[in-house]
Amino acid sequence: MDAVIVDTNVIITANDEAEHASPDDVEKCQKRIKQILEQQETSVVDDGWRILNEYKRYVNLETRKGIGDLFVKTLLQNLMRRPAICTEVRINPLDGSETNFDEFPTTEALNDFDVADRKFIAVAVAYERDYDKKATILQALDRKWEPFRKAFEEEGVQVEFLCSSENEA
């Protein structure tokens, strides 16, 4: 089973709430979320709930209106009980920081990468450390990741851009 780390913008896009998302973008994100819900892929999160807490800020867990809402609710209900749906890995904050992690690559090419998104990279590195397998980060419309494609590849971090680069977010 493949492991994925879902960037928050995939959930927002799957809920059809992303400002610049095309219908095709929404469909692609919904499809990947469904694959996780159907246990074709497992979602990986961090042990400090940094990713889950970010998800919770962008969904409505009470209504289950969108598939992104359902996805987050399912992760919360199955964390630790059903690793086929959700697996947790430990990441180590540096100096009490919630944005810099021991697992984040120290290559100079990533120095300017968005500190708020470093947790996703750290989780990918930690998953490989703990399971000796790669987890792919699913990215939707956040084009701030684009300039770092080569650096991610060089560091062995797999990022899959689900949406067209014609859309900006």
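Because the model is predicted, local features need pLDDT of at least 70 and side-chain atom pairs count only at pLDDT 80 or more, while totals for chains, interfaces and linings use all residues.

**Stop one: the charged pairs**

A salt bridge here is a side-chain nitrogen of Lys or Arg within 4 Å of a carboxyl oxygen of Asp or Glu. By this rule the count comes to 14 salt bridges.

Select Arg50 and Asp46 to begin. Their salt bridge has its closest N and O atoms 3.0 Å apart. Are these two partners buried or exposed? Arg50 is buried at 14% relative accessibility, and Asp46 is buried too, with a relative accessible area of 0%. (Buried means under 20% relative accessible area, exposed over 50%, and partly exposed in between, using a 1.4 Å probe and protein chains only.)

**Stop two: a link between two helices**

Next, select Lys119 and Glu54, which form a salt bridge with the closest N and O atoms 2.7 Å apart. This pair links distant parts of the chain: Lys119 sits in helix α5 (residues 118-131) and Glu54 in helix α3 (residues 50-57), 65 residues apart. Helices are DSSP runs of H or I with at least four residues, strands are runs of E with at least two, and both are numbered from the N terminus. Lys119 counts as buried at 7% relative accessibility, and Glu54 counts as buried at 10%.

Now move to Glu146 and Arg143, whose side chains meet in a salt bridge at 2.9 Å, N to O. Glu146 is partly exposed, at 23% relative accessibility, whereas Arg143 is buried, at 9%.

While you are looking at charged side chains, select Arg32, Glu41 and Glu160 together: salt bridges that share partners join these residues into one network.

How many disulfides does the whole structure hold? A search finds zero, where a disulfide is a pair of cysteine sulfur atoms within 2.5 Å. The sulfur of Cys29 has its closest cysteine sulfur in Cys163, at 3.9 Å, so the two are too far apart for a bond. Cys29 is buried, at 0% relative accessibility, and Cys163 is buried as well, at 7%.

Key. Residues numbered from 1 in each chain as written. Heavy atoms only, no water.
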